[in-house]
Each structure stands twice: as C-alpha cells, then as structure tokens.
Amino acid sequence: MTDASPTSLGMPQLPAPDYPADVRARLEADAKEVIARYPDSRSALLPLLHLVQSEEGYVTRTGMRFCAEVLDLTTAEVTAVATFYTMYRRKPSGDYQVGVCTNTLCAVMGGDAIFEALQEHLGVGNGGTTEDGKVTLEHIECNAACDFAPVVMVNWEFFDNQTPRSAKRLVDDLRAGVQAEPTRGAPLCTFKETARILAGFPDERPGAVEATGGAGPASLIGLRLAKGEAPPARVVHPRTGGPEGTQPHDPSPSEHLSSHDAPQRTSASDPSHSAGPVGEDREEGE
C-alpha cells in the first residue's frame, strides 16, 4: 500500500512580524497624537488604519498588529474593521487608485463605457494593478457628485464629466508621471500621502489647503431648501413631453446644466449616443 498524498493540517498563521524599531517609534508618536483626539482610545481605530496604510500602501498584518497593540484591542477586532471598509486595501496596490463610478446615474451617463475602456486600455480587471505599480483600477459606488456625471476619482479627488477618451488620457498621464489636475479640490498626491491625510495629519503641500471645489446647483438645492431659501420654479419634462399648457425648462447660458436636466443627448442608454457624454474629445465608437 502506497503512502497517501500529504494532507494539509491547516496550521494557524504565525503572528505578524513587528515593524522595524525606527518605523515603530515614528508610528507610535503619530498614533499617540491621533489617540489624544478621542475620549475613548478605540475610537481612533479608523484613522490609525489609514496611518498604517500610509506606511506600506495597504493594511498589512503588521499594521493590524500595531493598531491592536496601541489600542489594547485584539487583532480579530482590528481585522473585522479593516475588512469591512473598502477604503482599506488588503493587498499591494498602485500609487493611484482610479475609481470609476458605476452607480446608476454615472453608469447611464457613460460610466460603464469608461470602466470597460479602461480595463481594456490598462489590461487589468476590477481591483487590478498595472505592472508598473502606478494604477489600480476599480469600480466604485456613488461619489455624491451626480450633477457632474460620469465621475472618475483618483485617490478620492474628483475628475468630472469624463469620457472614455479623457479617462484613458488621464491614466496615461498618471503612469507617465505627468501631473494630473483634478476638476476641483486639492492637487493630486499619491495614495500613501492621501492615506496620511485621511489619518488626520495636515496636508503640508503649498496651496493644497486653500484649494477647494464645490458641488453644482443640482447638489445644493437641498441645502438651499434647508436654509429656507425658495428656489425659482423649474419644470423639467421627459422626452415624451409634459402636461398640456406647460413649457420645458430652458436653462440660462450661465446656469450649470445638470445631468438631472432632461432631455440631453448624454445617456449611454440612448442608441444614438451609446457611449456617454458628447464632446469634442469623444472618439467615434467610444
């Protein structure tokens, strides 16, 4: 009788290694500053996970061990949080996280077409990273920027009103080291730098704090109503027409044309315009 093939005994994973002494000391000093902001130390777990992510570009077992030790938690408690939130990476990823919104409005405005074009252009699938380690591509849920749809985010900075062509140009610039300028908000930085900012540390780049960006009128209507402001009446009818005796809304030249203002020739569901926004840089068939 021959021996059976080896059987895995399912040995438990060895404890995570610690950071080198100098890295540990630096992170402990930063962690102390973060923890001091909260009356209950365990409330600092989320920013501390961003802190360790800024060290290696993703949340490693070593990073989770560090968070558990400084907060007096178990590694199971830390792991439960780190695996729940999608902003924490569990494996090495690119310097630039390129997220294409594929939620309802962005999708029908061209987000699906953009995501498919980038997958083919970069040669990666959802969550994949290019061989040069520059770009990780993913589809993401609503960015709360529907009036600028379709939206692409790079390290959580907005690139509005994108097309397949402009999105491909964007990722090419990122891979080539060309500075890409967000539509609004702070200048772009690497994912590690972004993670440190999300941990609650100041962005020390010149002009970064002063840079800003706002939502469009469609996003601000609710705020105006909450303040008691009475917006002007706006009647928007579907393509089939409105009630008899009413006129469709005609925006003024200075008004932001929201993606909510129908009819527009921008829907990916429109057979005549099957690839999203119509613009000068739109390639035929995109």
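User: Helix axes here are lines fitted to C-alpha atoms over the stretch in contact, and angles run from 0 to 180 degrees between N-to-C directions. At what angle do the axes of helix α5 and helix α6 cross?

Analyst: The model is predicted. In it, α5 covers residues 104-122 and α6 covers residues 164-176. Their axes come within 9 Å. The crossing angle is roughly 40°.

User: Are α5 and α6 parallel or oblique to each other?

Analyst: Their axes cross at roughly 40°. Roughly parallel would need an angle under 35 degrees, and roughly perpendicular would need 65 to 115. The α5 and α6 pair is therefore oblique.

User: Is the crossing of α5 and α6 left-handed or right-handed?

Analyst: Two packed helices are described by the angle between their axes and the distance between the axes. For α5 and α6, those values are roughly 40° and within 9 Å. The handedness of the α5 and α6 crossing is right-handed.

User: How many charged residues are in the contact of α5 with α6?

Analyst: From α5, the contact takes A113, I114, A117, L118, H121 and L122. From α6, it takes P164, A167, K168, V171, D172 and R175. By class there are eight nonpolar residues and one polar residue, and the charged residues number three.

User: How far apart are the axes of helix α3 and helix α4?

Analyst: Helix α3 runs over residues 61-71, and helix α4 over residues 75-82. They pack at an angle of about 120°. That angle makes α3 oblique to α4. The distance between their axes is 9 Å.

User: In the contact of α3 with α4, how many residues are nonpolar?

Analyst: α3 passes α4 in a right-handed crossing. M64, R65, C67 and A68 of α3 meet T75, V78, T79 and A82 of α4. Two of these residues are polar and one is charged, while the nonpolar ones number five.

User: L73 is in the loop between α3 and α4. Is L73 buried or exposed?

Analyst: Buried means under 20% relative accessible area. L73 has a relative accessible area of 13%, so L73 is buried.

User: Which residues does L73 touch, leaving out those up to four places away in sequence?

Analyst: R42 is 31 residues from L73 in sequence, but their C-alpha atoms are 7.7 Å apart in space. R42 also touches L73. The list for L73 is R42, L45, A68 and V78.

User: Where is N155, and is N155 buried or exposed?

Analyst: N155 sits in the loop between β3 and β4. Its relative accessibility is 3%. Under 20% counts as buried. N155 is therefore buried.

User: Which residues is N155 in contact with, apart from neighbours within four places in sequence?

Analyst: N155 and T190 are 35 residues apart along the chain, with 7.1 Å between their C-alpha atoms. T190 is one of the contacts of N155. The contacts of N155 are D95, Y96, Q97, C189, T190, F191 and T194.

User: What is the relative accessible area of F191?

Analyst: F191 belongs to helix α7, residues 191-198. Beyond four places in sequence, F191 touches Q53, G57, M87, R89, G94, D95, Q97, N155 and W156. F191 is buried, and its relative accessible area is 3%.

User: What is the phi of A144?

Analyst: Most residues other than glycine have a negative phi. A144 lies in the loop between β2 and β3. At 63% relative accessibility, A144 counts as exposed. A144 is not a glycine, yet its phi is positive, about 55°.

User: In which loop is N161 placed?

Analyst: The phi of N161 is near 50°, a positive value in a residue other than glycine. N161 is partly exposed, with a relative accessible area of 44%. N161 is placed in the loop between β4 (157-159) and α6.

User: Is the peptide bond from A149 to P150 cis or trans?

Analyst: P150 is in the loop between β2 (135-140) and β3 (152-154). Most peptide bonds are trans. From A149 to P150, omega is near 0°, and the bond is cis.

User: What pattern does the chain follow along the sequence?

Analyst: The chain has eight helices and four strands. Read along the sequence, the pattern is α-α-α-α-β-α-β-β-β-α-α-α.

User: What share of the residues in the chain is buried?

Analyst: The accessible surface of the chain comes to about 16300 Å², and carbon and sulfur atoms hold 54% of that. The chain has 286 residues, and the buried share is 38%.

Technical notes. Residues numbered from 1 in each chain as written. Predicted model: local features only at pLDDT ≥ 70, side-chain atom pairs only at ≥ 80, totals over all residues. Heavy atoms only, no water. Helix = DSSP H or I, 4+ residues; strand = E, 2+ residues; numbered from the N terminus. Parallel < 35°, antiparallel > 145°, perpendicular 65-115°, else oblique. Left-handed = near helix turned anticlockwise from the far one by under 90°. Contact = heavy atoms within 4.5 Å. Nonpolar A, V, L, I, M, F, W, Y, C, P; charged D, E, K, R; others polar. Buried < 20%, exposed > 50% of the residue type's maximum accessible area, 1.4 Å probe, protein only. Areas by Shrake-Rupley, 256 points an atom, 1.4 Å probe, with all protein chains shown as cover.
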